[in-house]
Amino acid sequence: DIHKQNNSQAPDKMGGDTEIQPTGIFAWAGLGCGLFALASMCICFASPYWYQAYPLSFNEFRNIGLWEVCFHEYMHHKDDSQEIYRGCFWVFNPEEKYSKLREWLLPPWFIACQVMVTMALCVEILAVVIVAMIFLHLCPIMNHEYHQTYAMFAAASLMFLATMICLVTGGVFGAMADDRNWMPRPDQCLLSWGFG
């Protein structure tokens with residue numbers, strides 16, 4: 001019995017116990033912050049309210065997000081056919097009617113913002129998956145405290161990368177949104193909650 005008891009408490013080849021290590025407070029905090037950041041990024045990614053006209057203004061432009069734009073009786077000044085645009089549509093809508101607006105709606109800086117936000121969302125998903133694997137003990141390799149530490153460091157590094165990408169995106173979009181060549185009457189528009 002004593003021999004069996006000593007063998008059961010012997011460390012494994014990695015230098016630690018074979019038992020699952022308890023989830024630490026940093027894993028709880030990391031999972032909570034990661035889930036909050038991921039939820040915020042999903043809302044930001046899908047929101048059509050990055051930039052919008054003041055509600056009481058008579059601006060024909062209503063709002064735009066990364067993937068959707070809304071107009072009310074809008075006529076683009078460079079459109080020879082004088083097409084009137086009503087309602088909301090996907091910025092990559094393949095119809096010819098909307099493709100005429102694409103070059104104006106999607107300048108290079110806007111496409112860069114779309115790419116960066118998509119990258120940040122993917123990085124945040126990866127970080128949350130790593131933290132969830134630690135927290136829920138889904139990966140046997142990460143049941144060891146030594147590996148948990150490095151995995152938490154990797155998740156924190158990924159979250160830092162996503163934060164830097166979001167800061168750059170916010171700076172670019174915030175600086176370029178008031179460009180008079182992009183949206184009509186920027187004096188009647190504001191950065192909206194989706195951007196925030």
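## The disulfide

With 105° about the S-S bond, the link between cysteine 70 and cysteine 88 is right-handed. Cysteine 70 belongs to strand β3 and cysteine 88 to strand β4, so the link ties together parts of the chain that lie 18 residues apart in sequence. The two sulfur atoms are 1.8 Å apart. This is a predicted model, and the count of disulfides in it comes to one. A disulfide is a covalent bond between the sulfur atoms of two cysteines.

The two partners can be described by their accessibility. Cysteine 70 is buried, at 6% relative accessibility. Cysteine 88 is partly exposed, with a relative accessible area of 48%.

## Other cysteines

Cysteine 44 is buried, with a relative accessible area of 14%.

Cysteine 122 is partly exposed, at 47% relative accessibility. Cysteine 33, in helix α2, counts as exposed at 54%. The C-alpha atom of cysteine 33 lies 9.7 Å from that of methionine 159, although the two residues are 126 residues apart along the chain.

## The chain as a whole

The protein chain contains five helices and five strands. Read from the N terminus, the order of these elements is α-α-β-β-β-β-α-α-α-β. Of the 196 residues in the chain, 39% are buried. The accessible surface comes to about 11,800 Å², and carbon and sulfur atoms account for 66% of that area.

Among contacts between residues at least 6 apart in sequence, 57% join residues at least 24 apart.

## Helix α3

Which residues of helix α3 are buried? In this helix, which spans residues 96-105, they are Tyr98, Leu101, Trp104 and Leu105. These residues cover an arc of only 100° around the axis, which puts them on the same side of α3. Glu96 and Glu103 are exposed on the other side of the helix.

The cover over the buried residues of α3 includes strands β2 (61-64), β3 (68-75) and β4 (84-90), together with helix α4 (108-135). Leucine 105, one of the buried residues of α3, has contacts beyond its neighbours within four places in sequence: Ile64, Val69, Phe71, Phe89, Phe110, Trp182 and Met183.

## The nonpolar cores

In soluble globular proteins, nonpolar side chains tend to be buried together. The largest nonpolar core in this model has 34 residues. Those with the most contacts inside this core are Tyr51, Phe61, Ile64, Phe71, Leu105, Phe173 and Trp182. Elements giving two or more residues to the core are α2 (25-46), β1 (51-53), β2, β3, β4, α3, α4 and α5 (145-176). Helix α4 gives the largest share, eight residues.

## Two buried residues in strands

Asparagine 63 is placed in strand β2 and is buried, with a relative accessible area of 5%. What does the side chain of asparagine 63 reach at 2.8 Å? The atom at that distance is the backbone oxygen of proline 48. Leaving out residues up to four places away in sequence, asparagine 63 touches Pro48, Tyr49, Tyr51, Gln52, Glu68, Val69 and Cys70. Among these, Cys70 is a partner in the disulfide, and Tyr51 is among the residues with the most contacts inside the largest nonpolar core.

Tyrosine 85 is in strand β4. Its relative accessible area is 1%, which makes tyrosine 85 buried. Tyrosine 85 and histidine 72 are 13 residues apart in sequence, and their C-alpha atoms are 6.6 Å apart in space.

Terms used
Residues numbered from 1 in each chain as written. Predicted model: local features only at pLDDT ≥ 70, side-chain atom pairs only at ≥ 80, totals over all residues. Heavy atoms only, no water. Helix = DSSP H or I, 4+ residues; strand = E, 2+ residues; numbered from the N terminus. Buried < 20%, exposed > 50% of the residue type's maximum accessible area, 1.4 Å probe, protein only. Contact = heavy atoms within 4.5 Å. Areas by Shrake-Rupley, 256 points an atom, 1.4 Å probe, with all protein chains shown as cover. Arc of directions from axis to C-beta. Disulfide = S-S within 2.5 Å. Polar contact = N/O pair within 3.5 Å; in protein donor to acceptor, adjacent residues only side chain to side chain. Core = buried A, V, L, I, M, F, W, Y, C linked by side-chain atoms within 4.5 Å.
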